[in-house]
Amino acid sequence: MSTPPGALPVSRVPSGERRSVPPGRHCVRWGDGIFRLACQTAAFSVVALAGLLLAVMVSQSWLAMQTTGVDFLISKVWDPEPTHRHFGSLAFIYGTVATSIIAMLLAVPFGVCTAVFLSEIAPGSLQRLGSSLVEMLAAVPSIVYGFWGLFVLAPGMQHVITALGGPDQGGIGILSAGVVLSIMIVPYIASISYDVFRAVPRSQRDAGYALGATRWQTIWSVVLPYARSGILGGCFIALGRALGETMAVTMLIGNRPDIKLSLFAMGNSIASVIANEFTEATYDFYLSALAELGLVLMLVSVAINVLARMLIWRVSQGKVGWSLFGSSLVRWKRQRPSPALHAASLRRQKKTLATTMVSYHSYLSHRRFTCWVNRLMTGVLVAGFTLTIIPLFLILGYLIYKGVGSLNWNFFTQLPAPVGQVGGGMANACYGSLLLVALATLFAMPIGMLSAIYLVEFRSGRVGAAVRFIGELLGSVPSIVIGIFGYAVVVKPMGHFSGWAGGFALGVMMIPIFMRAAEGALRLVPKAIRQASDALGASRWQTVMQVVIPAALPALITALFLSIARIAGETAPLLLTASSNQFWPSSPNDFMPSLPVYIFNYAVSPYEDWHRQAWSAALVLLVTVMTLNFGVRFASRKRALSTSQMD
């Protein structure tokens with residue numbers, strides 16, 4: 001066959017001969033296989049880590065479970081004296097539930113009001129500012145909440161308790177712990193509810209307005225019913241956060257293993273008793289009982305988060321909420337009426353309009369009433385948003401007022417002064433915090449990054465969904481439980497506390513955070529960029545490493561620093577793994593000082609000079625976390641803007 005004019009000649013391979021593979025093509029295929037295997041291994045390691053966590057917690061609790069049985073959950077006697085050895089957790093369960101109920105009763109109204117105001121009423125600029133303030137409130141470390149609550153909130157609460165006829169105990173107790181806990185979980189409810197409200201279709205609101213409904217009537221009759229499942233899911237996530245909170249509750253609840261049906265009484269919680277007594281346990285049965293407390297806390301928190309994810313998923317799928325009739329949970333969904341029923345309904349409406357006349361005066365009166373209610377509820381929503389963000393300014397203002405005075409060059413260059421001596425600094429704690437964060441990042445970043453690549457770049461189907469779901473559950477485990485896990489896996493084999501153990505515990509917390517954030521960053525890269533790389537003959541690993549990751553680099557850097565900010569203020573896991581040190585650590589193998597642990601130790605001490613140092617440390621920690629949270633976001637946003645302008 002002759003070649004058409006202008007066409008290039010086509011070389012044909014004789015029959016029986018195989019076309020030769022270009023040099024290097026086998027290496028490309030091997031590279032793709034190795035790269036995929038590495039990503040799969042990282043993703044499965046997240047699942048394995050979650051399974052190992054559960055297995056370790058069960059094994060550490062096994063001695064107590066065999067010895068105490070059900071009595072562990074129903075007895076309120078906690079007596080760890082070596083001659084008695086009686087362990088009952090009922091008092092701690094009561095304290096955990098009581099503080100969480102108080103927190104939810106206060107946080108849910110304010111969180112929902114804030115979300116409704118920001119999504120439905122606030123203009124664009126105020127919406128962005130309000131969302132940033134709510135995010136700042138969520139970024140405050142729990143140790144800062146506890147420190148502020150101990151020295152500012154508790155004295156104010158004592159005036160209220162005295163006015164109500166309560167005891168004079170410095171404002172410490174279940175009520176104060178519940179109040180500060182409510183301030184901590186409001187941002188979670190507000191943030192999730194805000195996202196759920198934004199997911200309500202615009203057509204639903206337009207239909208309400210077309211029928212003459214006011215804005216509040218539309219919110220009450222359309223938006224809230226549609227988003228009910230998502231709001232409930234956000235409340236459950238906040239409840240899981242409240243149940244697992246350690247440091248703020250430890251500093252405010254009073255730490256007494258009592259059950260008194262009074263809001264003003266002191267109590268104890270599961271997380272606080274672990275934080276206070278775990279490092280003081282002197283025999284295996286004692287440690288096992290504390291580990292069993294952690295296991296109970298972990299299982300309850302994970303179960304609550306599973307339910308929350310299911311409810312939020314329903315809203316994301318466009319499904320309606322749940323209705324509770326009697327003891328059964330029944331799904332309800334509006335169904336489109338049949339044509340016959342619709343025609344009958346129209347006939348009834350015509351008959352009603354023909355026989356019923358509503359006076360114009362009654363209509364105007366009703367309209368004025370609905371407009372008055374609309375203005376009233378708008379004011380309520382504005383007040384709810386204002387009261388939600390006021391604690392942020394109170395905390396920032398008081399930290400600046402108390403912390404700036406003691407903040408000087410010596411704070412960053414000198415070691416802590418001995419008891420009774422004025423001055424000194426926390427240079428070793430600053431260095432220790434940086435080292436712990438660096439170790440956690442080195443451990444978590446490769447696993448989180450490769451897992452995110454597996455979820456985005458390789459069509460993993462149900463396996464990817466399982467990895468993502470288990471990663472979210474791993475992120476919901478209370479930090480004090482991660483501390484027990486780090487103690488069992490690293491501290492016990494090594495025989496002492498160390499920076500390695502602290503970095504491992506923080507790394508376990510960081511993996512699911514960075515994995516989900518990195519996945520979101522990689523999904524922002526358009527598919528056209530990947531297709532263009534494939535068209536040029538690039539392999540999968542070349543496309544990912546040389547095209548996708550550079551394109552998503554600003555978002556990935558933001559995700560990394562946001563993950564670092566999340567773990568930088570953690571205290572509870574470090575108490576059980578890194579401990580502390582008054583001197584310079586010579587290596588990660590030493591006891592490792594850190595700013596959060598120093599703040600806790602100095603805050604509960606009776607020395608005024610230590611309190612001043614703690615205020616300065618809290619200010620430095622908060623400024624660092626805020627800078628990581630919002631400085632990096634602003635920088636990445638500016639970089640993205642400049643890139644788009646160049647394009």
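**View 1. Helix 5 beside helix 24.** The axes of helix 5 (residues 142–163) and helix 24 (residues 595–603) come within 10 Å of each other and cross at roughly 15°. Axes here are lines fitted to C-alpha atoms, for helices over the stretch in contact, with angles running from 0 to 180 degrees between N-to-C directions. Helices (H or I, at least four residues) and strands (E, at least two) are DSSP runs numbered from the N terminus. This is a predicted model, in which local features need pLDDT of at least 70 and side-chain atom pairs count only at pLDDT 80 or more, while totals for chains, interfaces and linings use all residues. Residues are numbered from 1 along each chain as its sequence is written, and side-chain values use heavy atoms, with hydrogens and water left out.

Helix 5 and helix 24 are therefore roughly parallel to each other (angles under 35 degrees count as roughly parallel, over 145 as roughly antiparallel, 65 to 115 as roughly perpendicular and the rest as oblique). Look for Ile143, Phe147, Leu150 and Phe151 in helix 5, which meet Pro596, Ile599, Phe600 and Ala603 in helix 24 (contact means heavy atoms within 4.5 Å). The residues of this contact divide into eight nonpolar, no polar and no charged. Here Ala, Val, Leu, Ile, Met, Phe, Trp, Tyr, Cys and Pro count as nonpolar, Asp, Glu, Lys and Arg as charged, and the others, Gly among them, as polar.

**View 2. Helix 3 against helix 4.** The axes of helix 3 (residues 90–121) and helix 4 (residues 124–139) come within 9 Å and cross at roughly 150°. These two helices are therefore roughly antiparallel to each other. Helix 3 brings Thr114, Phe117, Leu118 and Ser119 to the contact, and helix 4 brings Leu126, Gln127, Gly130, Ser131 and Val134. Sorted by type, the residues of the contact of helix 3 with helix 4 are four nonpolar, five polar and no charged.

**View 3. Two loop residues with positive phi.** Arg85 is not a glycine, yet has a positive phi of about 55°. Find Arg85 in the loop between strand 1 (78–79) and strand 2 (86–87). At 38% relative accessibility, Arg85 counts as partly exposed (buried means under 20% relative accessible area, exposed over 50%, partly exposed in between, with a 1.4 Å probe and protein chains only). Asn255, also a residue other than glycine, has a positive phi near 55°. Asn255 sits in the loop between helix 10 (247–252) and helix 11 (270–277), and is partly exposed with a relative accessible area of 30%.
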